[in-house]
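Subject: Structure handover

Hello,

Here is the structure for you to look at. My notes on it follow below.

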Amino acid sequence: MQTFSGDVNQWENFIFYFDNARRQYRWDEKRKLQRLKECLRDKAVEYVRTLSSSTVSSYKKMVKALQNRFGLDEQPHIVRKNLYDMSQGATENINDFADRVQQQVSIAFRDSNKNTIDSVGTDVFLKGVKDKAIAFQAAQQNPKNVRKALEKVKEITADANLLGKSTTS
């Protein structure tokens, strides 16, 4: 059985194959819910842990919650308009901000190639990082994608902390 780790680009494929299996094997409600939970990994599991007990005890409610979180129902042109206003929230950690950027760019450019998604995502991420000096230093190193940009921001932040400079990331 295919698993789902929380990658928004994989949700539609995962739920398509899961639905086919549940119909083919005629799983009852209890079995569908059990099998769905068994298929979840990483971010998907972390998300499910935040849901109410009534949601995680109902197959339909859980699929709806997962669809709302990981599905690509948002219109790409609307998301694109909002991308360049994205910034790291006051209490948002840098990892969560990177994940949010990656998710939104994946939605906004879902029909684009990986290079476009990586390039736009990197630009949006670095532009939105709270500490502009660190973001500028990271940009100078030309990271190729959001993950690499995140690594650079963390490295520069750690170096600054070692030198006793304060940072806001």
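What covers the buried residues of helix 2? The cover includes helix 1 (11–25), helix 4 (53–56) and helix 5 (59–70). Helices here are DSSP runs (H or I, at least four residues), numbered from the N terminus.

This is a predicted model, in which local features need pLDDT of at least 70, side-chain atom pairs count only at pLDDT 80 or more, and totals for chains, interfaces and linings use all residues. Residues are numbered from 1 along each chain as its sequence is written, and side-chain values use heavy atoms, leaving out hydrogens and water.

Helix 2 spans residues 29–39, and Lys32, Leu33, Arg35, Leu36 and Cys39 are buried in it (under 20% relative accessible area, with a 1.4 Å probe, protein chains only). These residues are on the same side of helix 2, because they cover an arc of only 165° around the axis (taken from the directions from the helix axis to the C-beta atoms).

Ala44 lies in helix 3 (residues 42–48). Ala44 is buried, at a relative accessible area of 0%. Leaving aside neighbours within four places in sequence, Ala44 is in contact with Phe4, Ser5, Gly6 and Phe70 (heavy atoms within 4.5 Å). From the C-alpha atom of Ala44 to that of Ala65, 21 residues apart along the chain, the separation is 11 Å.

Finally, helix 7 (residues 94–108) meets helix 8 (residues 114–128), with the axes 9 Å apart. Residues of helix 7 in this contact include Phe97 and Val101, and those of helix 8 include Val120 and Phe125.

Regards

Technical notes:
Buried means under 20% relative accessible area, exposed over 50%, partly exposed in between (1.4 Å probe, protein chains only). Helices (H or I, at least four residues) and strands (E, at least two) are DSSP runs, numbered from the N terminus. Axes are lines fitted to C-alpha atoms, for helices over the stretch in contact, and angles run from 0 to 180 degrees between N-to-C directions.
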